[in-house]
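The following exercises are to be worked with the sequence and the model at hand. Each task is followed by a solution in steps.

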Amino acid sequence: MSKSSKSEIDEMGFGPFDIGPDGTETDLERAVWANLDEIPDPHIPLSLVEMAMIYDVTVEDSVANIDLSFPCMGCPAYEFIHDDIRGCLRTMSCIDDVEINVVWDPVWSKDMLDAEAREKLQESGIAL
Amino acid sequence: MSAEPAPVSEEEFKQQLQNGKMVESVDEMTEGYKKALKQILMVSADTELMSAPAYYEQSLNAPSLDARASCVSVIQDELGHGHIAYRLLEDLGEDREDLIFNREPNEFRNTYGFDQHIDNFAELVCAHGLFDRAGITLLGDIHENTSYAPWKRALTKVSKEEQFHLRHGETWMRRLANKNESTKEKVQEAVDWMFPIALEWFGLPDDKKRHDDQLDYRIKGKSNDELRQDWMDRTIPFLTEIDIEFPAHYDEDADEYVIDYEFPVAFDEENKEWRFDEPISWDDVIDRWRARGPANEKYVNMIQSGKVDVMPQ
């Protein structure tokens, strides 16, 4: 079943979306979020964070754990995005390793995009 | 009835455009501007469209599922880019359906590179790396400099997607060049015939062009030679890094890249080999382009045979 609106997602128990920073992050986790927000989506003119693909970040014992999902199962940039996240976070002095968990749940939805992201997409000619 | 604005001459219009005027619709164009714009849009639309069948077969031969998803996505993007350019041509009075389905193969105006058979995966990723780089060079200039506002806006999305194609192409070129001697040789063989095709792609050298309406009307901003240099400026350091040979070098005195053969030369289409000791004229090159390359009919048929009547008359 495809979900086309936030209300439909709410009804199915996926909302409100429990993704993104929730204010309980450590300084290091906030720094990881900020760095992830600098990684451009390879195909769309937004960052991975703006694309709402990063669901959660935790750092334990210098290992960054990244929960993420993709807008589609056959993402053409699946490998590039993994490489970019590892390449970016390994440059941080307090991070020794990066674990990427592709969670698929909740299912990514256009409703996860905030107003600013929507505006950027529309400016670049991408219909929502 | 509103008063018609006083008509401007082609020369006055060119001057206004050089001073920064932007054009929003066909009502604001002179005939000369419309003709020049149509010509370059047609080449762009046909090139985007014909890259799809050219890339198709070897995309299905990709060595991993991720690589295949990337290759198929490139094709989808290229069809989207073609769609944008044909849609812009509709605003200029052309019929999209007619352009795609009712032209003979030799009437398509795509670049000669996409009239060639792409015979293995190494050739495919080299096409992504070298030909899409040529596309980015040309469209990047238009995106930055064009006076035609609807095209400028449309190219934001196109440019971002082309960068993805290029990254995919260069990533795989690097992988194959580093994997073993056999895969490196495949990359070298592909670059051997594709590099000179890309050099020709940018057209006549500036000293052989008497005038260029596309520059005068600021439909594009850079001359053929400037664009050719831009392409070499990006491509050559990458090929050097992955230890692949190419027929050009950097000339310190001239402060530019110089081609290592008497440009242009004859091309043996059947064997995809350049005859570097056989210089030809640009008239000969244009004749070769107009005769179309060996895969032209096959690729146009792949596109045109895909038409189905979903709404029978």
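**Exercise 1. Against which elements do the buried residues of α1(B) pack?**

Solution. The model is a predicted one, in which local features need pLDDT of at least 70 and side-chain atom pairs count only at pLDDT 80 or more, whereas totals for chains, interfaces and linings use all residues. Residues are numbered from 1 along each chain as its sequence is written, and chains are lettered from A and ligands numbered from 1 in the order in which they are written.

Step 1. Helices (H or I, at least four residues) and strands (E, at least two) are DSSP runs, numbered from the N terminus. A residue is buried if 20 or more other C-beta atoms lie within 10 Å of its own, exposed if 12 or fewer, and partly exposed in between, the C-beta atoms being placed from the backbone. In helix α1 of chain B (residues 10–18), the buried residues are B:F13, B:K14 and B:L17.

Step 2. Viewed down the axis of α1(B), these buried residues fall within an arc of 100°, so they line one face of the helix. The arc is that of the directions from the helix axis to the C-beta atoms.

Step 3. Exposed residues B:E11 and B:E12 are carried by the face of α1(B) that is turned away from the buried side.

Step 4. The packing partners of the buried residues are α2 (31–59) and α8 (213–216) of chain B. Two residues are in contact if their C-beta atoms, placed from the backbone, lie within 7 Å.

Step 5. After α1(B) comes B:G20, with a positive phi near 110°.

**Exercise 2. Describe how α6(B) and α7(B) pack.**

Solution.

Step 1. Two packed helices are described by the angle between their axes and the distance between the axes.

Step 2. Helix α6 (residues 149–179) and helix α7 (residues 181–201) of chain B pack at an angle of about 135°, and their axes are 5 Å apart. That makes α6(B) oblique to α7(B). Axes are lines fitted to C-alpha atoms, for helices over the stretch in contact, and angles run from 0 to 180 degrees between N-to-C directions. Angles under 35 degrees count as roughly parallel, over 145 as roughly antiparallel, 65 to 115 as roughly perpendicular and the rest as oblique.

Step 3. On the side of α6(B), the contact is made by B:M173, B:L176, B:A177 and B:K179, and on the side of α7(B) by B:T183, B:K184, B:K186 and B:V187.

**Exercise 3. Locate the cis peptide bonds at A:P106 and B:P264, and the positive phi values of A:D61 and B:R292.**

Solution.

Step 1. Most residues other than glycine have a negative phi, and most peptide bonds are trans.

Step 2. The bond from A:D105 to A:P106 is cis, with omega near 5°. A:P106 is placed in the loop between β3 (97–102) and α4 (115–123) of chain A.

Step 3. B:F263 and B:P264 are likewise joined by a cis bond, with omega about 0°; B:P264 lies in the loop between β2 (256–259) and β3 (265–268) of chain B.

Step 4. A:D61 has a positive phi near 50° and belongs to the loop between β1 (54–60) and β2 (63–68) of chain A. A:D61 is exposed, because 6 other C-beta atoms lie within 10 Å.

Step 5. B:R292 has a positive phi near 65° and is in the loop between α10 (282–291) and α11 (296–304) of chain B. B:R292 counts as buried because it has 20 C-beta neighbours inside 10 Å.

**Exercise 4. Is B:D141 buried, partly exposed or exposed, and which residues does it contact?**

Solution.

Step 1. B:D141 is part of helix α5 (residues 121–145) of chain B.

Step 2. Its 17 C-beta neighbours inside 10 Å make B:D141 partly exposed.

Step 3. Apart from neighbours within four places in sequence, B:D141 contacts B:K220, B:G221, B:K222 and B:L227.

**Exercise 5. Outline the elements of chain A and the confidence of the prediction.**

Solution.

Step 1. Chain A has four helices and three strands, in the order α-α-β-β-α-β-α from the N terminus.

Step 2. The mean pLDDT (the predictor's confidence in each residue, from 0 to 100) of chain A is 87, with 88% of its residues at 70 or more. Over residues 1–6 of chain A the pLDDT is below 50.

Step 3. For chain B the average pLDDT is 95, and 96% of the residues score at least 70. The complex receives an ipTM of 0.75 and a pTM of 0.88 from the predictor.
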